[in-house]
Amino acid sequence: MNDCIFCKIVRGDIPCHKVYEDDDVLAFLDISQTTKGHTLVISKEHFRNLLYVPKDILAKVMGAAQKIAQAQVASLGAKGVNIINNTNEVAGQTVMHFHVHVIPRYSNEDALRLEFNSNKIEKLSLPAIAEEISKEM
Ligand code: 5GP
Ligand code: ZN
């Protein structure tokens with residue numbers, strides 16, 4: 001994709017601080033550095049988001065994400081890691097080229113707030129919700 005910022009990074013048209021590379025995957029430091037070592041893992045091929053990525057490529061990206069998380073713990077002294085994917089604008093995706101954030105965590109005061117607030121969904125409707133999802137798989 002000509003006007004995609006991550007495709008430009010893959011082509012070397014825009015520089016990056018590379019962490020890992022193989023035939024299908026590239027990982028580099030996120031320009032925003034939410035915490036020290038915040039890394040993006042991307043497929044080299046352009047896919048709009050996780051919904052469109054072939055399974056074998058997804059497995060390679062997640063395998064690299066695990067290795068990077070292990071390295072962040074071993075080398076940077078991270079005490080934990082958040083691995084995050086944002087799919088589509090409503091979920092916070094701003095760059096429409098599939099990527100996974102690997103964000104090392106050092107303390108509860110890190111500049112990242114993730115909250116799982118409880119919803120008012122009626123407990124009795126849970127079987128129907130589970131059925132709706134599973135019938136599509
Ligand atoms: P999203 O919100 O789509 O999940 O995350 C996109 C991420 O890409 C953001 O965290 C943003 O900081 C990062 N980003 C955007 N443009 C560039 C760039 O040119 N270089 C690098 N290294 N990161 C970028
Ligand atoms: Zn792209």
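**The shell around ligand 1**

Trainee: How do the residues of the shell around ligand 1 divide into nonpolar, polar and charged?

Mentor: Eight are nonpolar, seven polar and one charged; Asp, Glu, Lys and Arg count as charged, and Gly as polar. This is a predicted model, where local features need pLDDT of at least 70, side-chain atom pairs count only at pLDDT 80 or more, and totals for chains, interfaces and linings use all residues. Residues are numbered from 1 along each chain, chains are lettered from A and ligands numbered from 1 in the order written, and side-chain values use heavy atoms, without hydrogens and water.

Trainee: How many residues surround ligand 1, and which are the closest?

Mentor: There are 16 around ligand 1, each with a heavy atom within 4 Å. D30, N86, T94, H99 and H101 are the closest.

Trainee: What are the distances for D30, N86 and H99?

Mentor: From an oxygen atom of ligand 1 to a side-chain N or O atom, it is 2.5 Å for D30 and 2.9 Å for N86. For H99, a polar side-chain atom is 2.8 Å from a ligand 1 oxygen. The protein buries 83% of the 530 Å² that ligand 1 exposes when taken alone (1.4 Å probe).

Trainee: Which element gives the largest share of the shell?

Mentor: α1, with three residues. α1 (5-11), β2 (25-29) and β5 (99-105) each supply at least two.

Trainee: Changing topic, where is H38, and is it buried or exposed?

Mentor: H38 is in the loop between β2 and β3 (39-43). H38 counts as buried because its relative accessible area is 2%, and buried means under 20% (1.4 Å probe, protein chains only).

Trainee: What lies 3.2 Å from a polar atom of the H38 side chain?

Mentor: The backbone nitrogen of T34.

Notes. Polar contact = N/O pair within 3.5 Å; in protein donor to acceptor, adjacent residues only side chain to side chain. Helix = DSSP H or I, 4+ residues; strand = E, 2+ residues; numbered from the N terminus. Buried < 20%, exposed > 50% of the residue type's maximum accessible area, 1.4 Å probe, protein only.
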